[in-house]
Amino acid sequence: MKTGKAADAAIRTGYRYGRRGAMALVMGGVLLLTAACNDDKGGGSADAAATAPADANGTAAPGGGAASPKASAAVLAVEPKDGAQDVAPNALKVSVSNGKLTTVEVTDKNGKPVEGAITPDGSGWKPSGALAVGMAYKVNAQAKDDAGLVSASTTTFTTLTPGKTVATNDNISDGATYGVGMIVSVNFSKDVKNKDAVLKGITFETSNGTAVKGHWFGDRRVDFRPEQYWAPGTKVTIKYRLKSVEVAPGVYGDVDKDEPFTVGRSMISTADAKTHQMTIERDGKSTTVPVTLGADATPSWGGTMVIMEKEKVTRMNSQTVGLGGEYDIQDVPHAMRLTTSGTFVHGNYWANPFGKTNASHGCVSMQDVKGGSDASVAGKFFNDSMVGDVVKIVNTKEKTVSPSNGLGGWNVSWANW
């Protein structure tokens with residue numbers, strides 16, 4: 001109330017100065033409004049002309065009105081559209097007509113930038129890889145036309161959250177050490193249709209630049225290896241980036257992770273079905289031990305195999321490999337699997353054909369004792385071996401093992417891999 005009285009007093013005081021002073025105050029307000037809004041419809045006013053915008057040469061715009069800025073001829077197009085939901089992770093692209101892109105910045109909701117590159121001709125931009133699923137993104141793009149006028153666009157969208165995923169499993173343990181023949185085998189729980197996309201989502205980083213390629217066996221398995229055996233000491237990291245990969249229509253991968261392993265010393269063993277001997281090459285040193293391989297009726301597979309797993313003691317039953325009731329040995333010592341179909345290198349305490357004849361049902365076996373002994377031929381070989389070691393079988397009557405039977409991929413030429 002005090003403020004209102006003071007105001008009334010001021011007004012009354014102003015009127016004491018006379019009508020002329022009051023009219024000057026009113027006219028001053030009119031002039032201020034005119035300068036601020038530049039809304040003189042009559043045109044030609046000196047004050048209006050003084051406030052009219054100038055062109056690039058400093059000349060006032062004709063007629064005293066505001067000049068509209070020129071629009072860029074460059075037309076930006078961003079897919080998906082602004083505000084789009086459930087967007088596929090590979091759907092983002094930016095393009096321009098009648099101009100060239102100058103800047104494209106894409107960030108997720110956390111401010112993390114998305115890598116990508118403008119094409120050499122400036123007409124388009126794509127991300128380097130698939131976007132993350134279930135993520136909100138912002139796209140800021142700018143382009144210029146031939147006159148240098150800029151066009152800009154800011155849009156947002158959200159990628160889909162997969163309703164279906166595929167389980168991914170491989171034969172590698174984090175931080176483990178494997179032999180020079182190790183093949184990485186990746187298995188999926190559902191059929192993979194977009195195989196090229198999956199291969200791009202599984203990459204290998206090696207300490208010495210070794211190149212690695214993948215080879216599909218059917219729709220659910222892909223194996224990876226280098227051209228030659230791994231060099232001892234190589235450090236390898238498998239980089240899985242599959243969560244944003246559509247492996248089949250409506251089905252996405254389930255894993256984004258790094259999986260490291262190391263390649264150990266070199267050990268390559270060659271079992272000869274003709275001489276009944278096995279030569280072991282370990283870091284350049286060679287030893288030979290007597291063995292027995294598959295008999296004539298059940299010859300051993302030929303070719304290159306890789307130790308897949310090791311068991312100090314295991315049960316071997318002929319029914320599991322389609323040989324009826326020929327044998328059922330509950331305690332086979334020092335067993336190392338070479339094929340999925342049931343070929344092993346193992347100890348043998350129930351016979352003594354080593355170095356003399358081939359008497360097994362396809363396995364490579366060597367001298368051991370019941371319960372297994374570290375001092376036996378089989379025990380020493382077992383303790384010196386690791387998963388990923390190479391075992392070759394030569395001079396057998398059987399054909400070369402299938403590359404999908406265990407880790408038999410070394411039997412495929414690099415050109416066909």
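**Pocket and rings**

Modeller: By class, the residues lining the largest pocket are twelve nonpolar, seven polar and nine charged, where Ala, Val, Leu, Ile, Met, Phe, Trp, Tyr, Cys and Pro count as nonpolar, Asp, Glu, Lys and Arg as charged, and the others, Gly among them, as polar. This is a predicted model, in which local features need pLDDT of at least 70, side-chain atom pairs count only at pLDDT 80 or more, and totals for chains, interfaces and linings use all residues. Residues are numbered from 1 along each chain as its sequence is written, and side-chain values use heavy atoms, with hydrogens and water left out.

Colleague: Which residues lie nearest the centre of the largest pocket?

Modeller: A pocket here is an open set of points on a 1 Å grid over the protein atoms alone, where a 1.4 Å probe fits, with protein on both sides within 12 Å along at least five of seven lines, and lining residues have an atom within 4 Å of a point. The lining of the largest pocket comprises 28 residues, and those nearest its centre are Gly129, Ala130, Leu131, Arg241 and Ser244.

Colleague: How many aromatic pairs are there?

Modeller: Rings of Phe, Tyr and Trp (its six-membered ring) pair if their centres lie within 6.5 Å, and planes under 30 degrees apart count as stacked, over 60 as edge-to-face and the rest as tilted. By this rule the count is eight.

Colleague: What is the angle between the planes of Phe217 and Trp417?

Modeller: Both Phe217 and Trp417 are buried, that is, under 20% relative accessible area with a 1.4 Å probe and protein chains only, as against exposed at over 50% and partly exposed in between. Their edge-to-face pair has its centres 6.1 Å apart, and the angle between the planes is 65°.

Colleague: Over the ring of which residue does the charged end of Lys310 sit?

Modeller: A charge sits over a ring if NZ of Lys or CZ of Arg is within 6 Å of the ring centre and within 35 degrees of the ring normal. The charged end of Lys310 is 4.4 Å from the centre of the ring in question, which belongs to Phe382.

Colleague: Is Thr304 buried or exposed?

Modeller: Contact means heavy atoms within 4.5 Å, and, leaving aside neighbours within four places in sequence, Thr304 is in contact with residues including Tyr229, Val390 and Trp410. With a relative accessible area of 11%, Thr304 is buried.
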